[in-house]
Structures are given as C-alpha cells and as structure tokens.
Amino acid sequence: MPANGIAAAGALISMVKDDIVALLPDLRAFARFMCREREAADDLVQNTVLAALDKQDQFAPGTNLKGWLFTIMRNRFYSDLRTQRRRPASIDHSVVAPLAAVDNPEATLELKELSSALFRLSPQAREALVLVGAGGFSYEEAAGLCGCSVGTLKARVSRARKQLSEQMR
C-alpha cells in the first residue's frame with residue numbers, strides 16, 4: 001500500500017474512534033435499558049466498543065455508525081443472555097441501587113415506577129420502545145437493528161407503549 005494510502009487508512013481509523021467516543025452516552029443509555037444493572041451495562045458498552053474496534057475494518061465509511069454499534073451491542077446482549085441461562089443461578093439478593101432524581105421525592109418515586117414498569121416489559125418490547133422512543137431511531141432503522149420487519153417493530157412499540165401506560169396508571 002502506498003504511503004498516502006496508509007495515512008488515509010490511519011485517518012479513517014482515528015475518525016471512527018472519535019465517532020465511537022462521541023456515541024458513548026447513547027451506547028450507555030441503551031445498555032442501561034437492556035441490562036438494568038449499571039455494572040452489566042458498563043461491561044456491555046466496553047465489550048461492544050472492543051468488538052467494534054476489533055472489527056472496524058468491517059464498517060463501511062459513510063454508513064450509520066450508531067446503527068452498526070447498536071447492532072453489535074444488541075447481538076452481544078442476547079448472546080450473553082443465552083450464555084447466562086446456561087449457567088447456574090447465583091444466590092445474590094442485593095438490591096439494585098436506586099435511581100436518583102433531582103430534589104423532588106415525587107420525581108424519584110415516579111422514576112422508580114417507570115423503571116420498574118419498563119423492566120416488566122419483554123426484552124424485545126423494551127428494546128423496540130427504547131430504540132424508537134429514546135434512541136431516536138426511525139422505525140425502519142430500529143427494525144433493521146432488531147432483525148425484524150417494520151410492521152413487527154411497530155407492533156412491538158405499540159404493545160410496549162400500551163403495557164407501559166397500563167402499568168403506570
């Protein structure tokens with residue numbers, strides 16, 4: 001490879017790394033909704049970034065990096081979930097750290113109720129709702145990430161919103 005080709009490849013790799021760093025807050029937020037536990041979410045983000053950096057030659061420049069990273073994260077989450085189901089369950093009854101709201105006890109309670117209601121949804125419904133509602137993905141993009149049709153994704157989001165609404169009454 002000519003020297004200018006190597007320099008261009010190095011600049012592209014640096015740009016992808018910078019873009020990944022810029023997307024870390026989105027990755028963390030999605031991981032928190034997928035995993036529920038902060039430590040597990042942090043591990044998922046770290047493993048996602050490591051996998052992305054390892055496979056960055058498979059990323060096509062000019063395409064949706066956020067979608068690519070969310071796909072890696074989603075696949076990793078479900079792969080880890082299958083692995084955990086094969087392991088014996090531990091007997092750890094520690095309480096999940098409470099979510100913090102500003103200086104409003106009512107807001108803290110409402111946030112806990114919302115969090116609890118979100119995690120009573122199926123993982124697929126929660127994922128669809130978070131991708132479209134909080135992740136800013138279009139139905140088409142979210143369907144691509146989930147590996148399902150747009151109609152299926154819209155149905156999941158609709159059911160999730162309805163279940164969430166019923167739980168929050």
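Predicted model: local features only at pLDDT ≥ 70, side-chain atom pairs only at ≥ 80, totals over all residues.

Reader: OK, helix 2 and helix 4. At what angle do they pack, and how far apart are the axes?

Author: Helix 2 covers residues 24-35 and helix 4 covers residues 65-86. They pack at an angle of about 25°, and their axes are 11 Å apart. Angles under 35 degrees count as roughly parallel, so helix 2 is roughly parallel to helix 4.

Reader: Is the crossing of helix 2 and helix 4 left-handed or right-handed?

Author: Helix 2 passes helix 4 in a right-handed crossing.

Reader: Which residues make the contact?

Author: From helix 2, Asp26, Leu27, Phe30, Ala31, Met34 and Cys35 take part. Helix 4 contributes Lys66, Leu69, Phe70, Met73, Phe77 and Tyr78.

Reader: And how many of those are nonpolar, polar or charged?

Author: The contact of helix 2 with helix 4 has 10 nonpolar residues, 2 charged ones and no polar ones.

Reader: Switching to aromatics. How many aromatic pairs are there in the whole structure?

Author: A search of the whole structure gives 4 aromatic pairs. Phe77 and Tyr78 form an edge-to-face pair, 5.1 Å centre to centre with 70° between the planes.

Reader: Are Phe77 and Tyr78 buried or exposed?

Author: Buried means under 20% relative accessible area. Phe77 has 10% relative accessibility, so Phe77 counts as buried. Tyr78 is also buried, at 13%.

Reader: Which residues form an aromatic cluster?

Author: Phe30, Phe70 and Phe137 form one. Phe30 and Phe70 are also among the residues in the contact of helix 2 with helix 4.

Key:
Residues numbered from 1 in each chain as written. Heavy atoms only, no water. Axes fitted to C-alpha atoms, helices over the stretch in contact; angles between N-to-C directions. Helix = DSSP H or I, 4+ residues; strand = E, 2+ residues; numbered from the N terminus. Parallel < 35°, antiparallel > 145°, perpendicular 65-115°, else oblique. Left-handed = near helix turned anticlockwise from the far one by under 90°. Contact = heavy atoms within 4.5 Å. Nonpolar A, V, L, I, M, F, W, Y, C, P; charged D, E, K, R; others polar. Phe/Tyr/Trp six-rings, centres within 6.5 Å; stacked < 30°, edge-to-face > 60°. Buried < 20%, exposed > 50% of the residue type's maximum accessible area, 1.4 Å probe, protein only.
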